[in-house]
Amino acid sequence: NKGDLVADFFCGCGTAVSVAQKLKRKWIGVDISHLAIGLIERRLIASYGKNIINTYELDGLPKDIASAKKLAQGVIQGRLKFQDWIIETMLGGVHNPKKTADGGWDGHLTFDVPNHKKEVVLIEVKSGGVNVKNLREFIHVVNIQKASIAVYVCFEDEVTQHMLLEAKQQGYYNKDMFGTTYDKIQILTVETLLDGDGIKMPTIMHTTFKTAERKDDTDEHPEMF
């Protein structure tokens, strides 16, 4: 009945959660995959708007910089890895299964442009020990791979003025249909990601994962768990 509690302990892509939300049922969704949880959250936001994030509580993922650093340092043990959390949960990308110490990249996402072509965004994640040399190596990879945009993620206290200058010197991606320009190399910090920041890229085009259809839901959202 309306207002009752629905629980799905293997919620996968979140169909039960989304339907329960639409039909005014309270719900609990559980999954062992942080990628699944991230997909469900994006599905809810796409369907019901960003305000829905204030109506439920998300457990099992870092919520502040202290827990993020514990994950990066390996203090928090489990299936969740720092790089995968940043790439898949915070940025909505996919990780690169070919792990390399240097000369590679950690993940990517794509977005569509006219003529049915896809542009690539490369992602590099650093949990510590960052310097401008690391950034230059990543920029070299970006140029070889001919990526349109690239994102370098690290903690705020690791960012230097030399890194910011090096990134800015790489120019812009400016194929937005409205003439908007985006930095080709973007340095994002874990702190700003936790505050809701993200990649600056064309958002009117489809990205790596398809989004859910927006629901016509004018009633107040039920209490979440």
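Mentor: We begin with contact, which means heavy atoms within 4.5 Å. Helices (H or I, at least four residues) and strands (E, at least two) are DSSP runs, numbered from the N terminus. The cover over the buried residues of α2 includes α1, β2 (26-29) and α4 (82-90). This is a predicted model, in which local features need pLDDT of at least 70, side-chain atom pairs count only at pLDDT 80 or more, and totals for chains, interfaces and linings use all residues. Residues are numbered from 1 along each chain as its sequence is written, and side-chain values use heavy atoms, with hydrogens and water left out.

Trainee: Which residues of α2 are buried?

Mentor: Buried means under 20% relative accessible area, exposed over 50%, and partly exposed in between (1.4 Å probe, protein chains only). In α2, the buried residues are His34, Ala36, Ile37, Gly38, Ile40, Leu44, Ser47 and Tyr48.

Trainee: Why does Lys81 count as exposed?

Mentor: Lys81 counts as exposed because its relative accessibility is 56%. Lys81 belongs to the loop between α3 (65-73) and α4. Its C-alpha is separated by 9.6 Å from that of His34, 47 residues apart along the chain.

Trainee: What is found at the start of α2, and what follows α2?

Mentor: A polar contact is a pair of N or O atoms within 3.5 Å; within protein, one must be able to donate a hydrogen and the other to accept it, and residues adjacent in sequence count only if both atoms are side-chain atoms. At the start of α2, a side-chain oxygen of Ser33 comes to within 3.1 Å of the backbone nitrogen of Ala36. Gly49 follows α2, with a positive phi near 90 degrees.
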